Amino acid sequence: MAMNILTILQNEYMRDFILARAKTYGKYTGLPSEWIPTIIEILTNMSYDSELAIKAVQKEFPQLINTSSEYHEKLRKYRIRKVEQIAERINPFLKNGTVLDFGGQTTDLLEALINKNERISQGFVNGINKDEIIQNESEKIAFTEQISLSETTLGTKSVDTIIVSLVLHHMNVQEREKLINHFTKILKKKGILILIEDTFSETRVQRECDSITDMFLNKFSFEEKMQLLSFLDWQGNRLTRPHPSVPLHYTFKSIEGWCQLFKTFGFNLTNEQFFCNVDEDSIDLIPPKAFMVFRLN
Ligand SMILES: C[S@@+](CC[C@H](N)C(=O)[O-])C[C@H]1O[C@@H](n2cnc3c(N)ncnc32)[C@H](O)[C@@H]1O
């Protein structure tokens with residue numbers, strides 16, 4: 001039987017975390033804080049069926065699915081700020097030459113990077129839903145078709161930097177391994193891969209985190225953290241920013257797990273940051289998230 005994503009709301013501690021995290025998230029993304037208790041209450045009461053629960057929440061707050069609503073206007077503004085910040089963060093790690101934003105779906109990140117960095121000669125973007133791709137304005141950006149879920153049409157050793165932001169936990173484990181293998185083929189020698197993931201460290205003690213992230217890191221077991229990441233993924237892609245076409249596989253890994261996986265494909269970690277505080281300068285990586293940079297041997 002398929003996992004019921006809402007079951008964890010029956011656990012008081014997990015529900016408290018979800019409520020607190022939703023308030024922080026809402027503060028930056030525009031989700032009104034006064035909606036949050038009602039949303040969580042509906043989801044908890046209807047946790048036996050997530051599809052029915054979403055419909056009930058949308059009935060109560062139709063602005064969630066009305067793309068002309070004030071809420072969606074705030075979401076669009078949040079996206080603009082987020083992309084600007086993430087581009088600032090990524091820029092120092094880019095190699096000169098070509099960049100692939102794998103699963104980028106829109107061209108906004110590449111546009112922001114190209115505006116900042118004239119040493120980018122060409123940007124490629126792809127996504128599983130071609131109809132949803134927002135057309136680019138830059139001649140330097142091309143949409144690249146996918147041959148399959150784990151293969152692009154890009155040629156051998158044609159890419160200098162690959163960005164994979166919040167994509168890999170949306171893939172099943174077999175497809176994902178095929179994809180990482182594909183990355184090793186299209187990336188040039190010493191090419192860079194930037195991975196952004198919802199994750200946490202299994203071994204490191206994280207100090208000076210905000211109280212919500214501290215709760216996440218210290219109150220819950222590994223298994224519970226994975227369940228919470230899955231819930232947040234469902235909430236983000238089905239409820240607060242509905243993207244029904246994004247596949248939800250919940251194949252999260254810890255930071256150490258990602259390093260181990262990429263190592264088996266010949267990548268070495270060169271930089272890693274876990275974000276455990278959110279403020280005006282870090283709204284692009286609302287915790288728990290990590291930014292990892294790998295170099296292909
Ligand atoms: C949460 S969104 C992240 C989008 C963007 N990278 C960002 O950080 O804002 C997940 C994206 O993963 C993409 N995706 C999931 N599986 C994919 C696959 N096998 N191939 C290409 N894109 C995929 C979806 O199209 C979706 O755009």
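Reader: Leaving aside neighbours within four places in sequence, with which residues is K253 in contact?
Author: In this predicted model, contact is judged from C-beta atoms placed from the backbone, which must lie within 7 Å. Once neighbours within four places in sequence are set aside, K253 is in contact with T199, W258 and L261.

Reader: Where does K253 lie, and is K253 buried or exposed?
Author: Residues are numbered from 1 along each chain as its sequence is written. Local features need pLDDT of at least 70 and side-chain atom pairs pLDDT 80 or more, while totals for chains, interfaces and linings use all residues. K253 sits in the loop between α8 (222–240) and α9 (255–264), helices being DSSP runs of H or I of at least four residues and strands runs of E of at least two, numbered from the N terminus. Because 21 other C-beta atoms lie within 10 Å of K253 (20 or more count as buried, 12 or fewer as exposed, anything in between as partly exposed, with C-beta atoms placed from the backbone), K253 is buried.

Reader: Which residues of α9 are buried, and within what arc do they fall?
Author: The buried residues of α9 are I255, W258 and F262. Seen down the axis of α9, they line one face of the helix, because the directions from the axis to their C-beta atoms fall within an arc of 60°.

Reader: Which residues are exposed on the other side of α9, and what covers its buried residues?
Author: Q260 and T264 are exposed on the other side of α9. The cover over the buried residues of α9 includes α6 (173–186), β7 (187–198), β8 (267–275) and β9 (289–296).

Reader: At roughly what angle do the axes of α1 and α7 cross, and what is the handedness of that crossing?
Author: The axes of α1 (residues 12–29) and α7 (residues 211–219) come within 9 Å and cross at roughly 150°, taking axes as lines fitted to C-alpha atoms over the stretch in contact and angles from 0 to 180 degrees between N-to-C directions. The two helices are therefore roughly antiparallel (over 145 degrees; under 35 is roughly parallel, 65 to 115 roughly perpendicular, the rest oblique). The contact is made by Y13, F17, A20, R21 and T24 of α1 and I212, M215, F216 and K219 of α7. The angle is roughly 150°, and the crossing is left-handed (the near helix turned anticlockwise from the far one by less than a right angle; clockwise is right-handed).

Reader: Which residues of α2 and α3 meet?
Author: α2 passes α3 in a right-handed crossing. Those that meet are T38, I39, I42 and L43 in α2 and, in α3, A53, A56, V57 and E60.

Key: Contact = placed C-beta atoms within 7 Å.
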